[in-house]
Amino acid sequence: DTVAGTRSSGRNTVQFLIDGGGVIAPALAAIDIAKKSVHISVFQFQADEVGWNLTRILAAKARKGVKVRVLLDEHGSAVKKDPEALKLLAFMSANGIEVRVQKAPLLKGHLDHRKVMVIDGDVGFTGGMNIGNLYQVDWHDQQTLIIGPAVAALQDAFLEKWKANGGETGSEEDLYPPLREVENGAETRVVMHRGGQDQNIKAMYLRAFATAQKSIRIANPYFADPEIVKALSAAALRGVRVQVVLPEDNDQKLVQRASRSYYTDMIKAGIEIYEYKGMAHEKVAVIDGYWSTFGSSNLDSRSLVNNDELNLVVTDSVLADYISRRLFDVD
């Protein structure tokens, strides 16, 4: 909490969902029962089969009186240069969906990379997934369903960016319903990083690596920060088992070359490096079988310094064991 500017959101239901097949059904089910609002903040909203299908579902909810708000990043969703993306935005606006776009700076240095969905203020989703065929069909990825007090922090994250980009809400709207802790739930924190203002997520990772006792398991597609590598190497040298899973078929070849340039020194320090066969886009870590984090942040300077990012931190051995068995052991 001290290093990352966070506080506990109490005990929550946290469902760790893997790949589009595990995410689409619960996400659409939550949208289907929405009565008041659907808020979506996403870096990339692709104008493909998956994107259009979700847009039509959201439009149907908007026509029934549900407040549907979509916040996109201008660069991530290519709204300046992709004619299909422009058609998608026009369809949203014509069908009652409120849309705001965070403008990309000239050098693309500060982007809104968060992935957040909040339904009726009491159900939330966040993770590594954008919206489109790549993320729900082609790539290995991850998203999380949250029910409990942590959803209010996700709503905070959405509304802060929504209002900063000219979006409005009605004074009569019930955006923060009472949220109770979930008995036998997992203690959860929402870590928000604001690009150029703080390095909360990087500080979180470095402190976690420095205090790890037994094991560190990481899956991340864009891995190229020297301080992260140094901290992992130090952990391995003091006897912590460190395992890093990176994609073999990375869509960002420059970042992949940067990652691979660290391999020799990492292996000398005792770090185990695995390359997942295909493109893996999830951003997940489990430490000591108890502490887990997952969300939007990559482990490169763009995410850790420049972009707006959001991760969950969960301290719960049952969830950590589930992630280890269902994600890391398999991958």
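Tyr205 and Phe209 are both buried in this predicted model, where buried means under 20% relative accessible area, exposed over 50% and partly exposed in between, with a 1.4 Å probe and protein chains only. The two residues are four apart in helix H6 (residues 200-211) and are thus separated by about one helical turn; helices here are DSSP runs of H or I with at least four residues, numbered from the N terminus. Residues are numbered from 1 along each chain as its sequence is written. Because the model is predicted, local features need pLDDT of at least 70 and side-chain atom pairs count only at pLDDT 80 or more, while totals for chains, interfaces and linings use all residues, and side-chain values use heavy atoms, with hydrogens and water left out.

The axes of H6 and helix H7 (residues 226-237) come within 9 Å and cross at roughly 15°, the axes being lines fitted to C-alpha atoms over the stretch in contact and the angles running from 0 to 180 degrees between N-to-C directions. H6 and H7 are therefore roughly parallel to each other, a term for angles under 35 degrees, and their crossing is left-handed, that is, the near helix is turned anticlockwise from the far one by less than a right angle. On the H6 side, Lys202, Tyr205, Leu206 and Phe209 meet Glu227, Ile228, Ala231, Leu232 and Ala235 of H7, contact meaning heavy atoms within 4.5 Å. By class, this contact of H6 with H7 comprises seven nonpolar, no polar and two charged residues.

A roughly parallel arrangement also holds for helices H1 and H2. Helix H1 (residues 19-32) and helix H2 (residues 49-63) pack at an angle of about 15°, with axes 10 Å apart, and H1 passes H2 in a left-handed crossing. Here Leu28, Ile31 and Asp32 of H1 meet Leu54, Ile57, Leu58 and Lys61 of H2, a contact with five nonpolar, no polar and two charged residues.

Five aromatic pairs are found in a search of the whole structure, rings of Phe, Tyr and Trp (its six-membered ring) being paired if their centres lie within 6.5 Å, with planes under 30 degrees apart counted as stacked, over 60 as edge-to-face and the rest as tilted. One of them, formed by Trp52 and Phe91, is edge-to-face, at 5.4 Å centre to centre and 70° between the planes. Since Trp52 lies in H2 and Phe91 in helix H3 (residues 83-94), this pair ties together parts that are 39 residues apart in sequence. Trp52 counts as buried at 16% relative accessibility, whereas Phe91, with a relative accessible area of 26%, is partly exposed. The rings of Tyr205 and Phe209 have centres 5.6 Å apart and planes at 45°, so that pair is tilted.

Note on methods: Parallel < 35°, antiparallel > 145°, perpendicular 65-115°, else oblique. Nonpolar A, V, L, I, M, F, W, Y, C, P; charged D, E, K, R; others polar.
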